[in-house]
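Student: I'd like to learn how to read the features of a model like this one. Can we go through it together, starting with charged side chains?

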Amino acid sequence: MITEQAYAYIMASKRNGTLYLGSTDDLVRRVWEHRNGVVEGFTKRYNCKLLVWYEAHEDLMVARQREYRMKEWRRAWKIREIKGLNPDWDDPYDRIAQP
């Protein structure tokens, strides 16, 4: 189980598919919400259910700043960031959701 305070993260519809950037103080809960279509919006509309990248931060403000900076990036830079830490675009949700 991850225990850090806050996270910036990227969800994807598929490998090299539509990307969504977000930040949260509860990564497991938030990814579950995206995967199960609990909240209306971008991830539900574009079927972004795969967690492909996340980064832990000390607090939510820092995680949000990282999210906002990355949203200004070109798509190729975001994909390079994902591939740098997750070259196979594996979804770590089941691993991080373990108690």
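This is a predicted model: local features need pLDDT of at least 70, side-chain atom pairs count only at pLDDT 80 or more; totals for chains, interfaces and linings use all residues.

Student: How many salt bridges does a search of the whole structure find?

Tutor: The search gives 9 salt bridges. One of them joins the side chains of Glu67 and Lys71, at 2.7 Å from N to O.

Student: Where do Glu67 and Lys71 lie?

Tutor: Both are in helix α3, 4 residues apart, or about one turn of the helix. Helices here are DSSP runs of H or I with at least four residues, strands are runs of E with at least two, and both are numbered from the N terminus. The general idea is that an α-helix has 3.6 residues a turn, so residues three or four places apart point the same way.

Student: Is Glu67 buried or exposed?

Tutor: The cut-offs come first: buried means under 20% relative accessible area, exposed means over 50%, and partly exposed is in between (1.4 Å probe, protein chains only). Glu67 counts as buried because its relative accessibility is 7%, whereas Lys71 is partly exposed at 42%.

Student: What else does the side chain of Glu67 make a polar contact with?

Tutor: A polar contact is a pair of N or O atoms within 3.5 Å; within protein, one must be able to donate a hydrogen and the other to accept it, and residues adjacent in sequence count only if both atoms are side-chain atoms. The side chain of Glu67 has such a contact with the side chain of Ser23, at 2.5 Å. For plain contact, the rule is heavy atoms within 4.5 Å. Leaving aside neighbours within four places in sequence, Glu67 touches Ala8, Leu21, Gly22 and Ser23.

Student: Now for the helix itself. What should the 12 residues of α3 span?

Tutor: The expected span of a helix is 1.5 Å times one less than its number of residues. For α3 (residues 60–71) that comes to 16 Å, and the end C-alpha atoms are 16 Å apart, which agrees.

Student: Which residues of α3 are buried?

Tutor: They are Ala63, Arg66, Glu67 and Met70. These sit on the same side of α3, because they cover an arc of only 100 degrees around the axis. That arc is taken from the directions from the helix axis to the C-beta atoms. Their cover includes β1 (6–12), β2 (19–24), β3 (50–57) and α4 (75–85).

Student: Back to charges. Which residues are linked in a network of salt bridges?

Tutor: Asp25, Asp26, Arg29, Arg30 and Glu33 are. Within that group, the side chains of Glu33 and Arg29 meet at 3.0 Å, N to O. They are about one helical turn apart, because 4 residues separate them in helix α1 (residues 27–35). Glu33 is buried at 16%, while Arg29 is partly exposed at 34%. Elsewhere, Glu40 forms a salt bridge with Lys44, the closest N and O atoms being 2.7 Å apart; here Glu40 is exposed at 63% and Lys44 is partly exposed at 37%.

Student: And how many aromatic pairs are there?

Tutor: Rings of Phe, Tyr and Trp (its six-membered ring) pair if their centres lie within 6.5 Å; planes under 30 degrees apart are stacked, over 60 edge-to-face, and the rest tilted. That rule gives 4 aromatic pairs. Tyr9 and Tyr20 form a tilted one, 6.3 Å centre to centre with 50 degrees between the planes. The pair links distant parts of the chain, with Tyr9 in strand β1 and Tyr20 in strand β2, 11 residues apart. Ring pairs also tie Tyr9, Tyr20, Phe42 and Tyr46 into a cluster.

Notes
Residues are numbered from 1 along each chain as its sequence is written. Side-chain values use heavy atoms; hydrogens and water are left out. A salt bridge is a side-chain nitrogen of Lys or Arg within 4 Å of a carboxyl oxygen of Asp or Glu.
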